[in-house]
Amino acid sequence: MRPAYGAPCDDPPVGGDELVAIYDALGSPAGSATRAEMRARGLWHAAGVVLVRSLNGEHVYVHQRSPGKDVFPSYHDCWAGGVVAHGETPAECATRELAEELGISGVSPIPLFTHVFDQPPIRCHNFAFEVRWDGPIVHQPEEIVGGRWVPLEELRKWAEDPEGPLIPDGRLGVLEWFRRQGASLDPLPSERATGLGDAP
């Protein structure tokens, strides 16, 4: 069974005092706040997220989030990434998070698009990127409990299932990715991502 948002965590939320960038509803930087304040007040923010594909493009790396995450603990995610820090660009965030979460460095994430996840208390501009990688994966133990390479067709089935194991915002993002790849996987109207555009 999929875990619920706000499900109890075994550990305290990670990085509550960290200063993160606050964005406005249109996707422009608008100040800063602690991560804890951003979560408590449901403030608009941004994330840099990276789809990690095999060199042949046929698999995507999917990881399981730790039970100590402050949102969507224990869900699976096909995007490595996190919240944009104060003074950081989404591209810098994507590069940093890729190295921290999966140990992937020495590659430059390619910008794809931006999708908006607006389901209070979570309001986030997700700046999506992609890399190709067949090297080693090293998990950040505080963030990730496991992962594996998943064939595109299997990931597509997960994405089609709104009750499946994928994190909700990541599911919307990969549905949009599949749509742009030419697959007929547009999100349902009630779940459709808004504000789609090219990532900077």
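The crossing of helices α3 and α4 is left-handed. In a left-handed crossing, the near helix is turned anticlockwise from the far one by less than a right angle; clockwise would be right-handed. Helices here are DSSP runs of H or I with at least four residues, strands are runs of E with at least two, and both are numbered from the N terminus. The model is predicted: local features need pLDDT of at least 70, side-chain atom pairs count only at pLDDT 80 or more, and totals for chains, interfaces and linings use all residues. Residues are numbered from 1 along each chain as its sequence is written, and side-chain values use heavy atoms, with hydrogens and water left out.

Helix α3 covers residues 152-160 and helix α4 covers residues 168-180. Their axes come within 9 Å and cross at roughly 125 degrees. That angle makes α3 oblique to α4. An axis is a line fitted to C-alpha atoms, for helices over the stretch in contact, and angles run from 0 to 180 degrees between N-to-C directions. Under 35 degrees counts as roughly parallel, over 145 as roughly antiparallel, 65 to 115 as roughly perpendicular, and the rest as oblique.

Which residues meet? From α3 come Leu152, Leu155, Arg156, Trp158, Ala159 and Glu160. From α4 come Arg171, Val174, Leu175, Trp177 and Phe178. Contact means heavy atoms within 4.5 Å. By class, this contact has eight nonpolar, no polar and three charged residues. Nonpolar covers Ala, Val, Leu, Ile, Met, Phe, Trp, Tyr, Cys and Pro; charged covers Asp, Glu, Lys and Arg; the others, Gly among them, are polar.

Now turn to Arg39, in helix α1. Arg39 touches His45, Asp70, Val71, Val83 and Pro121, not counting residues up to four places away in sequence. Arg39 and Val71 are 32 residues apart along the chain, and their C-alpha atoms are separated by 8.8 Å.

Pro121 sits in the loop between β7 (110-119) and β8. The peptide bond from Pro120 to Pro121 is cis, with omega near 15 degrees. Another loop, between β4 (59-65) and β5 (76-77), holds Phe72. Phe72 is not a glycine, yet its phi is positive, at about 50 degrees. Most residues other than glycine have a negative phi, and most peptide bonds are trans.
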